[in-house]
Amino acid sequence: GYAVGHFSDGNDRVVDMEKTPSGKYILGGVENLSDGYTNDINFVQFLSDGVLDTSFGIGGYVNTSITEREDNIENFDIDNQGRIVAAGGCANGACHGWEFLALRYLSDGSLDSTFNGDGIWQFSPGIDDRGNGLHISLDGSIFYAGFNKPGGFIAKLTEEGNLDNTFSDDGYDGQVYTNGGYNTTWDVALQSDGKVIVGGIGNVTRYIDWNEALFLARYDLEGNLDPSFGSDGITIEDIQWGESDGIKRIIIQPDDKIIIGGHATVRSSRPGDTRADILIGRFNSDGSVDTSFGVDGFVVVDSGNGSESIRDLYLLPDGKILASGSYHNGTTRNPIIIRLNSDGTLDTSFDEDGFWTEDIGCTDTIGAVGVLAEGDDYVFALARNNEVTLTKIVPISNAIDFESFVVDDQGSR
(Lines give C-alpha, C1' and ligand atoms only; values in the text may rest on other atoms or scores of the structure.)
Protein backbone atom coordinates (compact mmCIF):
# COMPACT_ATOMS: atom_id res chain seq x y z
CA GLY A 1 0.00 0.00 0.00
CA TYR A 2 2.96 2.39 -0.25
CA ALA A 3 4.47 4.29 -3.16
CA VAL A 4 7.82 5.77 -2.18
CA GLY A 5 10.15 8.37 -3.64
CA HIS A 6 12.86 10.81 -2.55
CA PHE A 7 13.39 14.48 -3.33
CA SER A 8 17.07 14.25 -2.35
CA ASP A 9 19.59 12.50 -0.13
CA GLY A 10 18.78 15.02 2.61
CA ASN A 11 15.61 15.51 4.64
CA ASP A 12 12.40 15.68 2.62
CA ARG A 13 9.23 17.19 4.08
CA VAL A 14 5.85 16.68 2.43
CA VAL A 15 3.23 19.32 3.26
CA ASP A 16 0.25 18.38 1.09
CA MET A 17 -1.17 15.90 -1.42
CA GLU A 18 -3.74 16.53 -4.17
CA LYS A 19 -5.35 14.58 -7.00
CA THR A 20 -5.30 15.97 -10.54
CA PRO A 21 -8.34 16.01 -12.87
CA SER A 22 -6.68 13.12 -14.77
CA GLY A 23 -6.52 10.95 -11.63
CA LYS A 24 -2.83 11.33 -10.78
CA TYR A 25 -1.48 12.14 -7.33
CA ILE A 26 0.84 15.08 -6.63
CA LEU A 27 2.82 15.42 -3.43
CA GLY A 28 4.48 18.74 -2.67
CA GLY A 29 6.96 19.85 -0.07
CA VAL A 30 10.48 20.90 0.73
CA GLU A 31 13.86 19.41 0.01
CA ASN A 32 16.50 20.22 2.61
CA LEU A 33 19.88 20.25 0.88
CA SER A 34 23.02 18.71 2.25
CA ASP A 35 24.32 22.01 3.68
CA GLY A 36 21.54 21.80 6.28
CA TYR A 37 20.09 25.28 5.83
CA THR A 38 19.11 25.60 2.16
CA ASN A 39 15.62 24.49 1.12
CA ASP A 40 14.15 24.03 -2.35
CA ILE A 41 10.50 23.50 -3.31
CA ASN A 42 9.69 20.09 -4.77
CA PHE A 43 6.80 18.14 -6.26
CA VAL A 44 6.50 14.51 -7.27
CA GLN A 45 3.68 12.94 -9.30
CA PHE A 46 2.44 9.35 -9.20
CA LEU A 47 0.08 7.58 -11.56
CA SER A 48 -3.20 6.25 -10.17
CA ASP A 49 -1.58 2.90 -9.34
CA GLY A 50 1.27 4.48 -7.39
CA VAL A 51 3.96 4.24 -10.08
CA LEU A 52 6.11 7.35 -10.56
CA ASP A 53 4.86 9.46 -13.51
CA THR A 54 8.03 10.14 -15.48
CA SER A 55 6.18 12.51 -17.85
CA PHE A 56 5.97 15.05 -15.02
CA GLY A 57 8.89 17.44 -14.65
CA ILE A 58 12.18 15.56 -14.92
CA GLY A 59 11.62 11.88 -14.30
CA GLY A 60 8.53 12.54 -12.18
CA TYR A 61 10.02 15.35 -10.06
CA VAL A 62 9.93 19.15 -10.13
CA ASN A 63 12.51 21.21 -8.25
CA THR A 64 12.20 25.00 -7.84
CA SER A 65 14.94 27.11 -6.28
CA ILE A 66 14.14 30.81 -5.96
CA THR A 67 16.69 32.12 -3.49
CA GLU A 68 20.07 30.89 -2.34
CA ARG A 69 18.68 30.20 1.11
CA GLU A 70 15.27 28.91 2.14
CA ASP A 71 12.25 28.39 -0.12
CA ASN A 72 9.17 26.74 1.37
CA ILE A 73 5.59 25.90 0.60
CA GLU A 74 2.92 25.12 3.20
CA ASN A 75 -0.06 24.30 1.01
CA PHE A 76 -1.07 23.81 -2.62
CA ASP A 77 -4.14 23.07 -4.70
CA ILE A 78 -5.09 22.09 -8.25
CA ASP A 79 -7.31 24.44 -10.29
CA ASN A 80 -9.96 23.37 -12.80
CA GLN A 81 -7.38 23.45 -15.60
CA GLY A 82 -5.06 21.04 -13.79
CA ARG A 83 -2.56 23.77 -12.84
CA ILE A 84 -0.75 23.53 -9.50
CA VAL A 85 -0.94 26.62 -7.28
CA ALA A 86 1.20 26.75 -4.12
CA ALA A 87 1.54 29.15 -1.18
CA GLY A 88 4.62 29.59 0.99
CA GLY A 89 7.55 31.86 1.64
CA CYS A 90 11.14 32.49 0.70
CA ALA A 91 14.02 34.08 2.57
CA ASN A 92 14.71 37.59 1.30
CA GLY A 93 18.14 38.04 2.86
CA ALA A 94 17.13 40.98 5.05
CA CYS A 95 17.66 40.29 8.76
CA HIS A 96 16.65 36.68 8.21
CA GLY A 97 13.35 37.98 6.87
CA TRP A 98 10.83 36.23 4.66
CA GLU A 99 8.50 37.29 1.87
CA PHE A 100 5.22 35.92 0.60
CA LEU A 101 5.46 33.42 -2.23
CA ALA A 102 2.94 31.93 -4.65
CA LEU A 103 3.76 29.72 -7.60
CA ARG A 104 1.73 28.27 -10.45
CA TYR A 105 2.79 25.30 -12.55
CA LEU A 106 1.28 23.78 -15.66
CA SER A 107 0.10 20.18 -15.46
CA ASP A 108 3.45 18.96 -16.87
CA GLY A 109 5.33 20.55 -13.95
CA SER A 110 6.73 23.58 -15.80
CA LEU A 111 6.26 27.03 -14.28
CA ASP A 112 3.32 28.87 -15.86
CA SER A 113 4.63 32.04 -17.52
CA THR A 114 1.08 33.48 -17.77
CA PHE A 115 1.17 33.85 -13.96
CA ASN A 116 3.04 37.05 -13.09
CA GLY A 117 5.37 36.60 -16.07
CA ASP A 118 7.42 33.67 -14.79
CA GLY A 119 5.03 31.57 -12.67
CA ILE A 120 6.26 33.13 -9.42
CA TRP A 121 4.67 35.86 -7.25
CA GLN A 122 6.79 37.37 -4.49
CA PHE A 123 5.60 40.11 -2.17
CA SER A 124 7.25 41.61 0.90
CA PRO A 125 5.22 44.26 2.75
CA GLY A 126 7.09 43.51 6.01
CA ILE A 127 10.17 41.65 7.22
CA ASP A 128 8.59 38.33 8.13
CA ASP A 129 5.94 37.36 5.57
CA ARG A 130 4.92 33.74 5.01
CA GLY A 131 2.04 32.15 3.13
CA ASN A 132 0.15 29.28 4.74
CA GLY A 133 -3.01 28.55 2.76
CA LEU A 134 -4.96 29.34 -0.39
CA HIS A 135 -8.28 28.90 -2.13
CA ILE A 136 -8.73 28.91 -5.91
CA SER A 137 -12.00 30.38 -7.19
CA LEU A 138 -13.78 29.03 -10.25
CA ASP A 139 -12.64 32.10 -12.23
CA GLY A 140 -8.98 31.30 -11.47
CA SER A 141 -8.47 34.04 -8.90
CA ILE A 142 -6.63 33.05 -5.73
CA PHE A 143 -7.34 33.91 -2.11
CA TYR A 144 -4.14 33.69 -0.12
CA ALA A 145 -3.67 33.50 3.68
CA GLY A 146 -0.53 33.97 5.70
CA PHE A 147 1.41 35.70 8.42
CA ASN A 148 2.63 39.27 8.31
CA LYS A 149 4.30 40.25 11.57
CA PRO A 150 2.53 41.28 13.76
CA GLY A 151 -0.72 39.90 12.32
CA GLY A 152 -2.57 37.83 9.77
CA PHE A 153 -2.59 38.58 6.07
CA ILE A 154 -5.08 37.91 3.28
CA ALA A 155 -4.57 38.70 -0.38
CA LYS A 156 -6.54 38.21 -3.55
CA LEU A 157 -4.59 37.53 -6.72
CA THR A 158 -6.03 37.64 -10.21
CA GLU A 159 -5.69 34.64 -12.49
CA GLU A 160 -2.72 36.46 -14.05
CA GLY A 161 -0.92 36.65 -10.70
CA ASN A 162 -1.46 40.31 -9.82
CA LEU A 163 -2.89 41.78 -6.64
CA ASP A 164 -6.61 42.40 -7.22
CA ASN A 165 -7.32 46.01 -6.24
CA THR A 166 -11.05 45.32 -5.85
CA PHE A 167 -10.16 43.47 -2.62
CA SER A 168 -8.73 46.13 -0.34
CA ASP A 169 -8.27 47.23 3.24
CA ASP A 170 -7.54 50.90 4.01
CA GLY A 171 -5.99 51.51 0.62
CA TYR A 172 -3.87 48.35 0.45
CA ASP A 173 -4.80 47.07 -3.00
CA GLY A 174 -5.50 43.35 -2.97
CA GLN A 175 -4.50 43.02 0.69
CA VAL A 176 -6.21 42.78 4.07
CA TYR A 177 -4.38 42.75 7.40
CA THR A 178 -6.03 41.02 10.37
CA ASN A 179 -4.26 43.04 13.05
CA GLY A 180 -6.93 42.77 15.74
CA GLY A 181 -4.29 41.14 17.92
CA TYR A 182 -1.09 39.28 17.19
CA ASN A 183 -2.47 36.51 15.01
CA THR A 184 -1.71 34.18 12.13
CA THR A 185 -4.06 33.10 9.34
CA TRP A 186 -3.47 29.51 8.27
CA ASP A 187 -6.27 28.77 5.83
CA VAL A 188 -8.94 30.41 3.71
CA ALA A 189 -12.19 29.17 2.14
CA LEU A 190 -15.30 30.63 0.48
CA GLN A 191 -18.91 30.21 1.52
CA SER A 192 -21.63 29.73 -1.08
CA ASP A 193 -22.30 33.49 -1.35
CA GLY A 194 -18.63 34.18 -2.07
CA LYS A 195 -17.77 35.57 1.35
CA VAL A 196 -14.26 34.81 2.54
CA ILE A 197 -13.60 32.76 5.69
CA VAL A 198 -10.10 32.77 7.19
CA GLY A 199 -8.92 30.83 10.20
CA GLY A 200 -5.82 30.48 12.29
CA ILE A 201 -4.43 31.48 15.65
CA GLY A 202 -5.64 34.59 17.44
CA ASN A 203 -3.58 35.93 20.31
CA VAL A 204 -5.61 37.72 22.93
CA THR A 205 -4.80 39.13 26.36
CA ARG A 206 -6.64 38.89 29.62
CA TYR A 207 -5.27 40.91 32.52
CA ILE A 208 -1.51 40.35 32.13
CA ASP A 209 -1.75 36.92 30.46
CA TRP A 210 -1.11 36.13 26.80
CA ASN A 211 -3.17 33.42 25.18
CA GLU A 212 -3.50 31.74 21.77
CA ALA A 213 -7.08 30.93 20.76
CA LEU A 214 -9.00 29.74 17.71
CA PHE A 215 -9.43 32.60 15.24
CA LEU A 216 -12.06 32.91 12.49
CA ALA A 217 -13.03 35.97 10.46
CA ARG A 218 -15.34 36.65 7.52
CA TYR A 219 -14.84 39.26 4.78
CA ASP A 220 -17.00 40.33 1.89
CA LEU A 221 -15.58 40.31 -1.64
CA GLU A 222 -14.41 43.92 -1.22
CA GLY A 223 -12.22 42.95 1.75
CA ASN A 224 -14.42 44.40 4.51
CA LEU A 225 -15.09 42.53 7.74
CA ASP A 226 -18.67 41.23 7.77
CA PRO A 227 -20.31 42.52 10.99
CA SER A 228 -22.99 39.79 10.81
CA PHE A 229 -20.30 37.17 11.54
CA GLY A 230 -19.17 36.56 15.13
CA SER A 231 -18.42 39.84 16.89
CA ASP A 232 -17.94 42.55 14.27
CA GLY A 233 -16.69 39.97 11.78
CA ILE A 234 -14.38 37.99 14.07
CA THR A 235 -14.79 34.89 16.25
CA ILE A 236 -12.26 34.11 18.97
CA GLU A 237 -12.86 30.81 20.75
CA ASP A 238 -10.72 29.66 23.65
CA ILE A 239 -10.60 25.92 24.36
CA GLN A 240 -8.42 26.28 27.44
CA TRP A 241 -7.34 29.64 28.82
CA GLY A 242 -3.60 30.19 29.13
CA GLU A 243 -2.68 27.60 26.51
CA SER A 244 -2.24 27.46 22.73
CA ASP A 245 -5.19 26.58 20.48
CA GLY A 246 -5.13 27.01 16.73
CA ILE A 247 -6.82 26.28 13.40
CA LYS A 248 -4.78 24.77 10.57
CA ARG A 249 -7.46 23.75 8.06
CA ILE A 250 -10.98 24.88 7.10
CA ILE A 251 -13.62 23.25 4.94
CA ILE A 252 -17.13 24.58 4.24
CA GLN A 253 -20.18 22.32 4.28
CA PRO A 254 -22.94 22.74 1.65
CA ASP A 255 -25.04 24.50 4.33
CA ASP A 256 -22.13 26.95 4.89
CA LYS A 257 -21.22 25.60 8.31
CA ILE A 258 -17.49 25.77 8.92
CA ILE A 259 -15.46 22.69 9.91
CA ILE A 260 -12.07 23.41 11.43
CA GLY A 261 -9.10 21.19 12.20
CA GLY A 262 -6.11 22.03 14.34
CA HIS A 263 -4.90 21.62 17.89
CA ALA A 264 -5.86 22.37 21.47
CA THR A 265 -3.11 22.50 24.07
CA VAL A 266 -3.71 21.01 27.50
CA ARG A 267 -1.53 21.20 30.57
CA SER A 268 -0.41 17.96 32.20
CA SER A 269 -0.09 17.34 35.92
CA ARG A 270 3.60 18.21 35.69
CA PRO A 271 4.23 21.97 36.10
CA GLY A 272 5.18 23.64 32.83
CA ASP A 273 4.49 20.52 30.75
CA THR A 274 1.99 21.02 27.94
CA ARG A 275 0.98 18.98 24.90
CA ALA A 276 -1.21 19.66 21.89
CA ASP A 277 -4.16 17.39 21.16
CA ILE A 278 -6.01 16.89 17.89
CA LEU A 279 -8.97 19.26 17.61
CA ILE A 280 -11.89 19.18 15.16
CA GLY A 281 -14.77 21.61 15.52
CA ARG A 282 -17.73 23.10 13.71
CA PHE A 283 -19.06 26.65 13.62
CA ASN A 284 -22.39 27.83 12.29
CA SER A 285 -22.35 29.96 9.16
CA ASP A 286 -22.65 33.11 11.33
CA GLY A 287 -19.48 32.30 13.30
CA SER A 288 -21.12 30.93 16.45
CA VAL A 289 -20.04 27.53 17.77
CA ASP A 290 -22.29 24.70 16.59
CA THR A 291 -23.02 23.03 19.92
CA SER A 292 -24.79 20.12 18.20
CA PHE A 293 -21.39 18.92 16.97
CA GLY A 294 -19.21 16.68 19.16
CA VAL A 295 -19.15 17.93 22.74
CA ASP A 296 -20.23 21.58 22.81
CA GLY A 297 -18.98 22.03 19.24
CA PHE A 298 -15.64 20.22 19.40
CA VAL A 299 -13.95 16.84 19.23
CA VAL A 300 -10.60 16.29 20.96
CA VAL A 301 -8.46 13.20 20.29
CA ASP A 302 -5.76 12.73 22.93
CA SER A 303 -3.20 9.95 23.12
CA GLY A 304 -1.89 11.38 26.38
CA ASN A 305 1.67 10.91 25.18
CA GLY A 306 2.76 13.90 23.12
CA SER A 307 1.78 16.74 20.83
CA GLU A 308 -0.62 15.98 17.97
CA SER A 309 -2.40 18.00 15.32
CA ILE A 310 -4.62 17.91 12.24
CA ARG A 311 -3.07 18.54 8.81
CA ASP A 312 -6.04 18.09 6.46
CA LEU A 313 -9.81 17.68 6.30
CA TYR A 314 -12.08 16.07 3.73
CA LEU A 315 -15.90 16.09 3.61
CA LEU A 316 -17.42 12.82 2.41
CA PRO A 317 -20.58 12.79 0.27
CA ASP A 318 -22.65 11.36 3.16
CA GLY A 319 -21.62 14.22 5.46
CA LYS A 320 -19.02 12.26 7.38
CA ILE A 321 -15.66 13.94 7.93
CA LEU A 322 -12.16 12.59 7.31
CA ALA A 323 -9.20 14.15 9.08
CA SER A 324 -5.50 13.36 8.76
CA GLY A 325 -2.67 14.31 11.05
CA SER A 326 -0.13 13.09 13.56
CA TYR A 327 -0.58 10.89 16.63
CA HIS A 328 1.96 10.11 19.34
CA ASN A 329 2.08 6.57 20.74
CA GLY A 330 4.51 7.34 23.54
CA THR A 331 7.62 6.58 21.51
CA THR A 332 7.12 7.77 17.94
CA ARG A 333 4.84 10.15 16.05
CA ASN A 334 2.67 8.26 13.57
CA PRO A 335 0.02 9.00 10.95
CA ILE A 336 -3.62 9.07 11.96
CA ILE A 337 -6.83 9.07 9.92
CA ILE A 338 -10.02 9.95 11.80
CA ARG A 339 -13.58 9.49 10.56
CA LEU A 340 -16.40 11.35 12.26
CA ASN A 341 -20.12 11.08 11.79
CA SER A 342 -21.85 14.26 10.66
CA ASP A 343 -22.70 15.08 14.30
CA GLY A 344 -19.05 14.92 15.33
CA THR A 345 -19.11 11.55 17.06
CA LEU A 346 -16.38 9.08 16.21
CA ASP A 347 -17.58 6.68 13.51
CA THR A 348 -16.94 3.32 15.15
CA SER A 349 -17.67 1.48 11.89
CA PHE A 350 -14.23 2.77 10.80
CA ASP A 351 -11.46 0.56 12.22
CA GLU A 352 -13.70 -0.18 15.24
CA ASP A 353 -12.94 3.01 17.17
CA GLY A 354 -13.26 5.77 14.56
CA PHE A 355 -9.61 6.28 13.83
CA TRP A 356 -6.71 4.45 12.21
CA THR A 357 -3.08 4.83 13.16
CA GLU A 358 -0.07 2.74 12.27
CA ASP A 359 3.33 2.46 13.87
CA ILE A 360 5.39 2.29 10.68
CA GLY A 361 8.63 1.83 12.57
CA CYS A 362 10.10 5.19 11.64
CA THR A 363 11.21 7.62 14.36
CA ASP A 364 11.08 10.66 12.09
CA THR A 365 7.50 10.42 10.84
CA ILE A 366 5.59 13.69 11.20
CA GLY A 367 2.17 12.33 10.31
CA ALA A 368 -0.40 12.09 7.54
CA VAL A 369 -0.85 15.14 5.29
CA GLY A 370 -3.49 15.45 2.63
CA VAL A 371 -6.39 13.00 2.62
CA LEU A 372 -9.08 12.21 0.06
CA ALA A 373 -11.60 9.49 -0.64
CA GLU A 374 -11.93 7.33 -3.73
CA GLY A 375 -15.15 5.49 -3.13
CA ASP A 376 -14.46 3.42 -0.02
CA ASP A 377 -10.68 3.82 -0.24
CA TYR A 378 -8.72 6.62 1.44
CA VAL A 379 -5.50 8.02 0.05
CA PHE A 380 -3.05 10.19 1.96
CA ALA A 381 0.62 11.14 2.04
CA LEU A 382 3.03 10.35 4.85
CA ALA A 383 5.16 13.28 5.94
CA ARG A 384 8.56 11.93 6.89
CA ASN A 385 11.80 13.79 7.29
CA ASN A 386 13.65 11.74 4.69
CA GLU A 387 11.09 10.18 2.38
CA VAL A 388 8.10 10.93 0.16
CA THR A 389 5.36 8.36 0.65
CA LEU A 390 1.91 7.98 -0.91
CA THR A 391 -0.39 5.57 0.92
CA LYS A 392 -3.77 3.95 0.34
CA ILE A 393 -5.85 2.30 3.05
CA VAL A 394 -8.98 0.27 2.45
CA PRO A 395 -11.64 -0.26 5.15
CA ILE A 396 -12.50 -3.98 5.28
CA SER A 397 -15.15 -5.20 7.74
CA ASN A 398 -14.51 -2.44 10.28
CA ALA A 399 -10.75 -2.92 9.95
CA ILE A 400 -8.06 -1.43 7.72
CA ASP A 401 -5.83 -3.05 5.15
CA PHE A 402 -3.23 -1.79 2.71
CA GLU A 403 -3.63 -2.49 -0.96
CA SER A 404 -3.55 -1.28 -4.55
CA PHE A 405 -0.39 0.83 -4.73
CA VAL A 406 2.77 -0.57 -6.20
CA VAL A 407 5.77 -0.02 -3.97
CA ASP A 408 8.08 1.91 -6.25
CA ASP A 409 11.21 3.19 -4.52
CA GLN A 410 12.85 5.44 -7.08
CA GLY A 411 15.79 6.37 -4.89
CA SER A 412 17.41 9.80 -5.10
CA ARG A 413 17.33 12.02 -8.14
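Strands, like helices, were taken as DSSP runs numbered from the N terminus, with at least two residues in state E for a strand and at least four in state H or I for a helix. The model is predicted: local features need pLDDT of at least 70, side-chain atom pairs count only at pLDDT 80 or more, and totals for chains, interfaces and linings use all residues. Residues are numbered from 1 along each chain as its sequence is written, and side-chain values use heavy atoms, with hydrogens and water left out.

By these criteria E31 lies in strand β3 (residues 25–32). E31 is buried, its relative accessible area being 6%; buried denotes under 20% relative accessible area, exposed over 50% and partly exposed the range in between (1.4 Å probe, protein chains only). A distance of 6.2 Å separates the C-alpha atoms of E31 and I41, which are 10 residues apart along the chain.

The protein as a whole contains 31 strands and zero helices. Of its 413 residues, 58% are buried. Contacts (heavy atoms within 4.5 Å) between residues at least 6 apart in sequence join residues at least 24 apart in 50% of cases.

Strand β7 (residues 84–91) is largely enclosed by the rest of the structure, because eight of its eight residues are buried. Burial applies to both faces, with I84, A86, G88 and C90 on one side and V85, A87, G89 and A91 on the other. Strands were treated as paired if DSSP finds at least two bridges between them. Strand β6 (residues 71–78) runs antiparallel to β7 and is joined to β7 by seven bridges, with I73 opposite G88. The two strands form a hairpin with five residues between them, and G82 in the turn has a positive phi of about 85°. Strand β8 (residues 98–105) is also antiparallel to β7, through eight bridges; here G88 stands opposite L101.

A pocket was defined on a 1 Å grid over the protein atoms alone as an open set of points with protein on both sides within 12 Å along at least five of seven lines, and lining residues as those with an atom within 4 Å of a point. The largest pocket is lined by 35 residues, of which E18, D77, H135, I251 and L313 lie nearest its centre. Elements giving two or more residues to this lining are β2 (11–19), β6, β10 (129–136), β16 (183–190), β20 (245–252), β24 (309–315) and β28 (365–374).

Terms used:
On a 1 Å grid over the protein atoms alone, a cavity is a set of points where a 1.4 Å probe fits but cannot get out, and a pocket is an open set with protein on both sides within 12 Å along at least five of seven lines; lining residues have an atom within 4 Å of a point.
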